[in-house]
Amino acid sequence: MHERRSNPCTRCGAPLALAGCLIVVSCIMTMTGCRKPLFRDTDERSPYSRYDEVRGQEVEPYRFNEYGRRVPNLRARLTPKE
């Protein structure tokens, strides 16, 4: 009878594919993490923000929550103006 031998290339295929996927994912994460933000904090967001600024009704776009994290200040920005 013939002895069945396994091909060394088929045994290492899965670990090589996994290593390749990890390299691709790490490259994508590295490239996207080093970009500058699209908008700066000093940029005007819309004509409405300019309108509020001229009338002295502007509010901070972000606030700090009870855990100390910076979150959008949606409640203050969406309340009706006087």
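One salt bridge turns up in a search of the whole structure. The largest pocket has a volume of about 560 Å³.

The model is predicted: local features need pLDDT of at least 70, side-chain atom pairs count only at pLDDT 80 or more, and totals for chains, interfaces and linings use all residues. Numbering starts from 1 along each chain as its sequence is written, and side-chain values use heavy atoms, with hydrogens and water left out.

**Fold and burial**
- The protein has four helices and two strands. Helices (H or I, at least four residues) and strands (E, at least two) are DSSP runs, numbered from the N terminus.
- Their order from the N terminus is α-α-α-β-β-α.
- Of the 82 residues, 4% count as buried. Buried means under 20% relative accessible area, exposed over 50%, partly exposed in between (1.4 Å probe, protein chains only).

**Asp52 and Lys81**
- Asp52 sits in helix H3, residues 47–54. Its relative accessible area is 16%, so Asp52 counts as buried.
- Leaving out residues up to four places away in sequence, Asp52 touches Gln57, Glu58 and Lys81. Contact means heavy atoms within 4.5 Å.
- Lys81 and Asp52 form a salt bridge, with the closest N and O atoms 4.0 Å apart. The term requires a side-chain nitrogen of Lys or Arg within 4 Å of a carboxyl oxygen of Asp or Glu.
- Lys81 lies in the segment after helix H4 (74–78) and Asp52 in helix H3, so the pair ties together parts 29 residues apart in sequence.
- Lys81 is partly exposed, at 34% relative accessible area.

**Charge over a ring**
- Arg70 lies over the face of Tyr62, 3.9 Å from the ring centre. The criterion is NZ of Lys or CZ of Arg within 6 Å of the ring centre and within 35 degrees of the ring normal.

**Largest pocket**
- A pocket is an open set of points on a 1 Å grid over the protein atoms alone, where a 1.4 Å probe fits, with protein on both sides within 12 Å along at least five of seven lines; lining residues have an atom within 4 Å of a point.
- The largest pocket is lined by 21 residues, and Arg45, Ser49, Val59, Pro61 and Arg77 are the closest to its centre.
- H3, strand S1 (62–64) and H4 each supply at least two lining residues. H3 gives the largest share, five residues.

How values were computed:
Grid points are joined across faces, edges and corners, and a volume is the space filled by probe spheres set on the points.
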